[in-house]
Amino acid sequence: MNVRDSEHMIAQLNQKEPYELTDKIEDADLIIINTCSVREKPVAKLFSEIGVFNKHKKPSAKIGVTGCTASHLGDEIIKRAPSVDFVLGARNVSKINEVVDKKHAVEVSIDHDESTYEFGEYRTNPFKALVNISIGCNKSCTFCIVPATRGEEISIPPYLIIQEITKSVDLGAKEVMLLGQNVNDYGKNFSTSDEPCDFTRLLQKISKIEGLERIRFTSPHPLHMDDAFLEEFAYNPKICKQIHVPLQSGSTSLLKSMKRGYSKEWFLNRCEKIRTLCPEATISTDIIVGFPGESDADFEDTMDVLEKVKFEQVFSFRYSPRPHTKAALFDNQIEAEAASKRLTRLQERHMEMLSEMMDRQLGKMHRVYFDELKPEGRISGRSDDGKLIFVKGSEELLGQIRNVKITHTSRAALDGEIV
Ligand code: SF4
């Protein structure tokens, strides 16, 4: 989501005057720090980064802070770091040209509606198009700051989504990644009077785009994984067989306290359905360890789901209390040490499982879409089920889909040869 917001800002800036991207702080005329605030660490890092940029930048260069931390800290950022020239919230990306030349401008409204805004064209990777299908989130998970930084959920009209994907396909993309906080809840709120369209219907419409070969999406919500959606996922050949199913906790009572809206049983039932309909699919997840009130038994429930589902990828974190969230005020916070021990146990067990899963890949065949040149004459791409695969090769493979046989495995990636 943040990568796409950055692309939108670059596109908008380029409409006013041409910018070139640079990795060298000393060369930059404009430095934008696009922030996340889901966890505490990146927020703390923000102020030290501002200090580093301020020390090394040209005297005339401007610094802008954008994204979710900008949304929730607002003008406090300028009070704490006066070297910051402007602050732009995650839901105000289209206003970048309005703030870039105004000293200490702050635009952080979470009611701003960008759902029908047509951004200019800019892609970091021309082979893969990131496309927003909704903005904001209407849920109220008690640990999550996102509704306070990105505002209420609004769906982007289907015609705009189709238009944007078609444009990127015409420019060379064969793959699209659809983005939203809860993609499979798509269609509940349009700010225009568009005809009703849910996520399953949207996937069907998108898959008709000629030249588009692969569709990915993130993140779906387990609560909205109805049979029609899972059948579309399994049987639509353009949909990549990789699905993110964010668990957060395996304990039904903790899920209730998190306000996730599903139980352990529902989650297991949906994963089982995915495995039945589509045995080749990989499943990834998010897990929070040490949520307030998490008992040993609650944590064992999470471990139980880990064993049963066998996730290929797990994004696991120790709970950190966030401002504007209900859970931050719960009086049964877990001690950091106990939470860290549980996190280590979970991550170590997952690493064991992952090693076994990746070892089984040796000799397997994958269809790989190559999209990134790497040093030492190598090129990388993703298989249909989302595995990162490297082969020896050069530029002419970029944008190509080829059959690859796996010759070497590790937990993070696979090596192979084109056959
Ligand atoms: S669904 Fe929950 S976790 Fe996801 S963005 Fe919305 S509030 Fe946050």
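**Around helix α8**

Author: Start with the largest nonpolar core, which has 63 residues. Among these, I165, L178, F199, I206, F217 and I243 touch the most other members. A nonpolar core is a set of buried Ala, Val, Leu, Ile, Met, Phe, Trp, Tyr and Cys residues joined through side-chain atoms within 4.5 Å. Buried means under 20% relative accessible area, exposed over 50%, and partly exposed in between, with a 1.4 Å probe and protein chains only. In soluble globular proteins, nonpolar side chains tend to be buried together.

The model is predicted: local features need pLDDT of at least 70, side-chain atom pairs count only at pLDDT 80 or more, and totals for chains, interfaces and linings use all residues. Residues are numbered from 1 along each chain as its sequence is written, and side-chain values use heavy atoms, with hydrogens and water left out.

Take F199 next. Leaving aside neighbours within four places in sequence, F199 is in contact with I133, L178, V183, N184, Y186, F217 and F229. Contact means heavy atoms within 4.5 Å. There is also a second, separate core of 18 residues, including A28, F47, F53 and A81.

Now the helices. Helices (H or I, at least four residues) and strands (E, at least two) are DSSP runs, numbered from the N terminus. Helix α8 covers residues 199-206, and helix α9 covers residues 227-235. Their axes come within 9 Å and cross at roughly 25°. That makes α8 roughly parallel to α9. Angles under 35 degrees count as roughly parallel, over 145 as roughly antiparallel, 65 to 115 as roughly perpendicular and the rest as oblique. Axes are lines fitted to C-alpha atoms, for helices over the stretch in contact, and angles run from 0 to 180 degrees between N-to-C directions.

The crossing of α8 and α9 is left-handed. In a left-handed crossing, the near helix is turned anticlockwise from the far one by less than a right angle; clockwise is right-handed. From α8, F199, T200, L203 and Q204 meet A228, F229 and E232 of α9. The residues of this contact divide into four nonpolar, two polar and one charged. Ala, Val, Leu, Ile, Met, Phe, Trp, Tyr, Cys and Pro count as nonpolar, Asp, Glu, Lys and Arg as charged, and the others, Gly among them, as polar.

Helix α8 also meets helix α7, residues 158-170. Here the axes come within 11 Å and cross at roughly 35°. This crossing is right-handed. P158, I161, I162 and I165 in α7 meet L202, K205 and I206 in α8. The contact divides into six nonpolar residues, no polar and one charged.

S219 sits in the loop between β9 (214-218) and α9. The peptide bond from T218 to S219 is cis, with omega near -5°. C240 lies in the loop between α9 and β10 (242-244). C240 is buried, at 1% relative accessible area. Beyond neighbours within four places in sequence, C240 is in contact with R214, I215, R216, F233 and D384. C240 and F217 are 23 residues apart along the chain, yet their C-alpha atoms are separated by 8.9 Å.

Q248 counts as buried, at 8% relative accessibility.
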